[in-house]
Amino acid sequence: MIRSPFPARHLLPLAAGLSLAAAMPAMAQSASFPTHSMELVVPFQAGGGTDALARAFAESSRKHLPQNIVVVNKPGASGAIGWADVANAKPDGYKMSLVTADLTIVPHLGLTKLTYENFTPIARLNADPSAITVRADSPHATVESFLEAARKNPGTLRVGNAGNGSIWHLAAAALEDKTGTKFNHIPFQGGNPAVLALLGGHIDAVTVSPAEVQAYVAAGKLKTLAVMADQRVKGFESVPTLKERRIDLSIGTWRGIAVPRNTPPEVVAVLRTAAAKTAAEPSLREMLDKQNLGYAYADQDEFRSAIARDDAFFKALIAKLNLRQ
C-alpha cells in the first residue's frame with residue numbers, strides 16, 4: 001500500500017486549492033472581458049432602421065467598452081438565419097444579436113424552432129407602435145370612420161403590411177380581432193414599399209410604424225388616424241391612441257441586444273453596464289430622432305418580461321387566426 005506523502009489533514013485544503021487554481025483562468029477571462037473585438041449580428045439586410053440602430057449602438061459603445069463592436073448583416077428567413085448563428089455560437093459574449101419583436105413571432109409561424117429562450121437579453125433600445133395611416137385625401141378623417149367602413153363592407157378596405165406574418169400584418173389582424181372588422185391584407189416586401197403603394201393610391205391604408213410615414217404626414221400627403229400605443233407618440237401628439245378610442249390594443253415592434261443563452265453572468269454584467277451607458281449617449285439618441293425611431297431603453301429584467309409577454313400574445317393570436325405555415 002502506497003502512503004500519501006501528505007498528512008490527511010492537509011489533503012482537503014490542497015484539493016480546494018487545486019480546484020480554485022483550475023477555475024482561475026475562467027474567472028480571469030470573465031473579469032478581463034472583452035479582450036478582442038465583438039460581433040453584433042443584424043438578421044436583416046443593411047439599410048433601414050434595425051441596421052442603422054445596430055451601427056449607431058456599435059459606434060456609441062466605443063466610449064464604454066475597451067474593444068470595438070463589429071456589425072455583421074446575416075439576413076434571411078425573417079431573421080431566423082441570423083438569430084440561429086448567434087444562438088449556436090459559443091456563449092462567451094463575443095457574438096451578440098440585434099433582436100426584434102419578430103423573434104416572438106416567427107417561431108409560432110413555424111419558420112424556426114428558435115425562441116427567445118435561446119437568448120439572454122441585455123437591453124432594449126427602441127420601441128415603435130403600429131399606426132393606422134391613410135392618404136390625405138381619404139374620406140376617413142377618424143379611426144371610427146375607417147372601422148365603420150370596414151364593418152359595412154368586410155374585406156374591401158386594402159391594408160398594406162410588410163409581409164404575411166410580419167409585425168405590421170399582425171397589428172392589423174389584431175385590430176380586426178378587437179373590433180370585429182375584416183380587411184383585405186396586402187403584403188409587401190417591407191414597410192416602405194407598402195407606404196409607397198399607399199401614396200400611389202393602390203391600397204387604402206397601412207399599419208406600419210409612425211416612423212415610416214412621418215415624412216409624408218409632415219408633407220401633407222398622408223394622415224395618421226390612430227396609434228396602437230399606450231400613450232401618444234412624439235411627433236404625432238395630435239393623433240389619438242386606440243385606447244383613447246376605447247379599443248384596448250397596444251402593439252408594435254422593438255429592438256434590443258441579446259447574447260446566447262448560458263453566457264457567463266460576469267460577461268452579461270459587463271455588457272449590461274455598457275449598454276446602459278451607450279443608450280444614454282447623445283449620439284445614439286440623435287440617431288434615433290433622425291431615423292424617427294422611438295427611444296425605449298429597458299434593462300435586462302424589464303426587457304425579458306416584455307419579450308415573454310409578447311411571445312404569449314403572438315402565440316395566442318397566430319393560433320386564433322390560423323396563420324401557422
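Visitor: How many cavities of 30 Å³ or more does a search of the whole structure find?
Guide: This is a predicted model, in which local features need pLDDT of at least 70 and side-chain atom pairs count only at pLDDT 80 or more, while totals for chains, interfaces and linings use all residues. Residues are numbered from 1 along each chain as its sequence is written, and side-chain values use heavy atoms, with hydrogens and water left out. A cavity here is a set of points, on a 1 Å grid over the protein atoms alone, where a 1.4 Å probe fits but cannot get out. With a threshold of 30 Å³ or more, the number of cavities found in the whole structure is one.

Visitor: How much space lies in the largest cavity?
Guide: Grid points are joined across faces, edges and corners, and the volume is the space filled by probe spheres set on those points. On that basis, the space in the largest cavity comes to about 40 Å³.

Visitor: Which helix gives the most to the lining of the largest cavity?
Guide: Lining residues are those with an atom within 4 Å of a cavity point, and here they are Phe57, Leu65, Ile69, Met96, Ile122, Ile257, Leu271, Ala274 and Ala275. By class the lining has nine nonpolar, no polar and no charged residues, where Ala, Val, Leu, Ile, Met, Phe, Trp, Tyr, Cys and Pro count as nonpolar, Asp, Glu, Lys and Arg as charged, and the others, Gly among them, as polar. Helices (H or I, at least four residues) and strands (E, at least two) are DSSP runs numbered from the N terminus. With three residues in the lining, the helix that gives the most is α8, residues 265-279.

Visitor: What is the strand order of the open sheet?
Guide: Strands pair if DSSP finds at least two bridges between them, and the edge strands, each pairing on one side only, are β2 (69-73) and β11 (295-299). Neighbouring strands of this sheet are turned by 25° against each other on average, direction ignored. With six strands and mixed pairing, the order is β2-β1-β3-β10-β4-β11.

Visitor: At about what angle does helix α10 run to β4?
Guide: Axes are lines fitted to C-alpha atoms, for helices over the stretch in contact, and angles run from 0 to 180 degrees between N-to-C directions; contact means heavy atoms within 4.5 Å. Helix α8 packs on the sheet, touching β1 (38-42), β3, β4 (119-129), β10 and β11, and its direction makes about 20° with that of β4. Helix α10 (residues 300-321) lies across β3, β4, β10 and β11, and its angle to β4 is about 70°.

Visitor: Which residue of β10 stands opposite Thr120?
Guide: Thr120 is found in strand β4, which pairs with β10 in the antiparallel sense over nine bridges. Leaving aside neighbours within four places in sequence, the contacts of Thr120 include Ala258, Pro260, Val268 and Arg304. The residue that stands opposite Thr120 in β10 is Val259.

Visitor: Is Thr120 buried or exposed?
Guide: Buried means under 20% relative accessible area, exposed over 50% and partly exposed in between, with a 1.4 Å probe and protein chains only. Strand β4 is mostly covered, with ten of its eleven residues buried. Because its relative accessible area is 13%, Thr120 counts as buried.

Visitor: Which residue of β11 stands opposite Arg124?
Guide: Strands β4 and β11 pair in the antiparallel sense over three bridges. In β11, the residue opposite Arg124 is Ala298.

Visitor: What is the relative accessible area of Gly79?
Guide: Gly79 has its place in the loop between β2 and α3 (80-87). Apart from neighbours within four places in sequence, Gly79 is in contact with Pro43 and Phe44. Gly79 is buried, with a relative accessible area of 1%.

Visitor: What percentage of the residues in the protein is buried?
Guide: The secondary structure of the protein comes to ten helices and eleven strands, and its C-alpha atoms fill a box of roughly 95 × 40 × 35 Å, taken along the principal axes. Of the 325 residues in the protein, the buried share is 49%.

Notes
1 Å grid on protein atoms, 1.4 Å probe; cavity = no way out; pocket = protein on both sides within 12 Å on 5 of 7 lines; lining within 4 Å.
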